[in-house]
Amino acid sequence: MHIDLAVACDDCAVPSRPALVRWCKAALTEAEGSVRVGLRVVAEPEAAELNGRFRGRPGPTNVLSFPYDDVSLGKTRFLGDIVICAPLVKAEAARAGCPENAHWAHLVIHGILHLQGFDHETDQDARVMEARETRILTGLGFTDPYR
């Protein structure tokens, strides 16, 4: 597992690379071969611009996922890119009363699941995805984010 990490905001607290890799690996449903993911950490203006451009929604969002269609180089499979808005992670964790690291883990896992085709467009899909997120997070020692 390799993460191409780009931090595009000033004064953003980002978890360690080993933690990010551990969370990504935990969310992989297929552990075949080498996997590469792009992770870009942004401030609210960039998150808002991307959210508007790609989802047609105003304002920033906490996580966006951009899956690649079967892109590989040798034995390395590129899953896609994840964009996380660091200021929103901090604010949402504070509002929820949960550790910031736990919210980072949740959003990284959420993004990796999206890259693998999971979504929450229907109630059934949301139940499946949330159950998987909860199972992964509790397996890593975090609490259920949906309680």
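**Note on the predicted model**

1. H103 is buried, its relative accessible area being 13% (buried means under 20%, exposed over 50% and partly exposed in between, with a 1.4 Å probe and protein chains only). This residue lies in helix α4, where helices are DSSP runs of H or I with at least four residues, strands are runs of E with at least two, and both are numbered from the N terminus.

2. The structure is a predicted model, in which local features need pLDDT of at least 70 and side-chain atom pairs count only at pLDDT 80 or more, while totals for chains, interfaces and linings use all residues. Residues are numbered from 1 along each chain as its sequence is written, and side-chain values use heavy atoms, with hydrogens and water left out.

3. Not counting residues up to four places away in sequence, H103 touches N62, V89, E92, A93 and C98, contact meaning heavy atoms within 4.5 Å.

4. S65 is placed in strand β3, residues 63-73. The side chain of S65 reaches the backbone oxygen of G111 at 3.3 Å. With neighbours within four places in sequence left aside, the contacts of S65 are D81, I82, G111, H114 and L115.

5. Helix α1 covers residues 17-27, and its buried residues include A19, L20, V21, W23, C24 and A27. Among the elements that cover the buried residues of α1 are β1 (2-7), β2 (34-42), α4 (100-115) and α5 (123-139).

6. For the protein as a whole, the secondary structure comprises five helices and four strands, in the sequence order β-α-β-α-β-β-α-α-α. The radius of gyration is 15 Å, close to the 15 Å that the globule rule gives for 147 residues, so the protein is as compact as a globular protein of that length. That radius is taken over C-alpha atoms, and the rule is 2.2 Å times the number of residues to the power 0.38. The C-alpha trace spans about 40 × 30 × 30 Å along its principal axes.

7. Of the 147 residues, 39% count as buried. Among contacts between residues at least 6 apart in sequence, 60% join residues at least 24 apart.

Conventions. Polar contact = N/O pair within 3.5 Å; in protein donor to acceptor, adjacent residues only side chain to side chain.
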